[in-house]
Amino acid sequence: MDDHNIDTAILSLSAPGATIAGSRDNARTLVRKWNDYAFEICSAHPKRFGFFAALPGLDDLEGALSEIDYVFNSLRADGVTLFTSYGGEYLGSKIFESVWAALDKIHAVVHVHPNHSFAAPFTTPFLPQPFIDYPHETARTASDLVLSGRKRQFPSCKVILSHAGGTLPYIADRVSVLSATIFAGILDDGHSPRGGEQVMEDLKSFYFDLALGGSSTVLDLLVNWAPPNHILYGSDFPFAGGAAEYFDAALESYPMNDQIKRKCYQGNAQDLFPRLRLQD
């Protein structure tokens with residue numbers, strides 16, 4: 001962190017998350033150990049670290065809701081990490097409505113990270129899922145949250161999409177225009193967006209971290225599409241290794257407006273996590 005002039009980091013448990021533990025009980029035990037450990041680190045260095053709490057899979061609704069209550073009321077977590085799908089369901093599924101309701105009630109910050117796609121079979125060892133499928137999974141679950149109406153139903157959740165939103169900024173017009181045509185008059189659960197303009201508004205309401213997203217090809221699109229106060233620095237360290245270093249250097253050299261860059265590096269995150277705001 002010091003080598004890269006990072007004052008504060010948010011810790012999180014990345015994919016595959018608690019499912020690596022195997023059984024439901026083991027997953028509950030694993031996330032409790034992780035959350036308690038992250039809390040210890042943050043308590044020892046309160047201005048240096050925050051953490052996104054881990055949850056057991058959302059297919060374990062009872063366990064997920066219990067852990068939400070614990071991490072926010074007992075550990076004062078700064079947010080929570082969800083993965084893009086659970087048990088063949090994306091995050092907009094009505095099955096997960098109770099989880100979103102609990103998070104919305106406390107105005108939670110929700111960090112969404114991709115996991116392995118249930119819809120993408122193994123094809124070749126030269127195309128592991130993080131290469132291509134992870135960005136698509138982020139776009140799929142974000143679009144599902146919007147078109148299902150879950151994003152409007154629970155507006156107090158501040159949802160961060162990993163990796164500059166994956167492929168979402170690239171396909172956002174396609175999603176908004178086609179959905180307004182194909183689903184005209186049938187998105188009727190009371191919360192779904194009405195028409196392409198509302199779909200686009202909801203797609204832009206996400207936050208976007210820049211982990212593995214600092215290249216000029218990505219930034220040219222994201223900076224000109226997303227609200228400038230919704231772009232956040234991210235590193236994907238230590239998981240991405242040398243790739244994180246590459247994208248970090250690319251971001252640093254990108255010719256971005258100084259005010260926007262300050263927002264990306266610090267200001268926008270401080271607005272989301274005011275307890276971590278550094279004292280001048």
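Before the first click, here is a term you'll need: a salt bridge is a side-chain nitrogen of Lys or Arg within 4 Å of a carboxyl oxygen of Asp or Glu. This is a predicted model, so local features need pLDDT of at least 70 and side-chain atom pairs count only at pLDDT 80 or more, while totals for chains, interfaces and linings use all residues. Residues are numbered from 1 along each chain as its sequence is written, and side-chain values use heavy atoms, with hydrogens and water left out.

**Stop 1: the salt bridges**

Select Glu201 and Arg152. They form a salt bridge, and their closest N and O atoms are 3.8 Å apart. The two partners come from distant parts of the chain: Glu201 is in helix α7 (residues 195-203) and Arg152 is in helix α5 (residues 150-153), 49 residues apart. Helices here are DSSP runs of H or I with at least four residues, strands are runs of E with at least two, and both are numbered from the N terminus.

Is Asp202 buried or exposed? Asp202 is buried, with a relative accessible area of 6%, whereas Arg152 is partly exposed at 28%. For these words, buried means under 20% relative accessible area, exposed over 50%, and partly exposed in between, using a 1.4 Å probe and protein chains only.

Next, jump to Asp60 and Arg28. This salt bridge has its closest N and O atoms 2.8 Å apart. Asp60 sits in the loop between β2 (49-53) and α2 (61-73), and Arg28 belongs to helix α1 (residues 24-44), 32 residues apart. Asp60 counts as buried at 4% relative accessibility, and Arg28 as partly exposed at 29%.

**Stop 2**

Switch to a cartoon view and colour the strands. Seven of them form an open sheet with parallel pairing, in the order β1-β2-β3-β6-β7-β8-β9. Two strands pair if DSSP finds at least two bridges between them. Which strands are at the edges? They are β1 (9-11) and β9 (231-232), each pairing on one side only.

Zoom in on β3 (residues 79-83), which pairs with β2 in the parallel sense over two bridges. Here Ala53 stands opposite Val80, and Gly79 is the bridge partner of Phe52. Towards β6, four bridges join the parallel strands, with Phe83 opposite His113. Five of the five residues of β3 are buried, so this strand is largely enclosed by the rest of the structure. Gly79, Thr81 and Phe83 point one way, while Val80 and Leu82 point the other.

Keep going across the sheet. Strand β6 (residues 109-113) meets β7 (residues 158-161) over four parallel bridges, and Val112 stands opposite Leu161.

**Stop 3: the nonpolar core**

A nonpolar core is a set of buried Ala, Val, Leu, Ile, Met, Phe, Trp, Tyr and Cys residues joined through side-chain atoms within 4.5 Å. The largest one has 60 residues, and Leu58, Leu82, Trp100, Leu103, Val110 and Phe206 touch the most other members. Select Leu58: leaving out residues up to four places away in sequence, Leu58 touches Ala64, Leu82, Tyr86, Leu91, Phe96 and Val99. Contact means heavy atoms within 4.5 Å.

**Stop 4: a glycine in a loop**

Find Gly92 in the loop between β5 (89-90) and α3 (97-105). Gly92 is buried, with a relative accessible area of 2%. Beyond its neighbours within four places in sequence, Gly92 is in contact with Asp144, Leu145, Ser148 and Arg150. Draw a line from Gly92 to Lys151: they are 59 residues apart in sequence and 8.0 Å apart in space, C-alpha to C-alpha.
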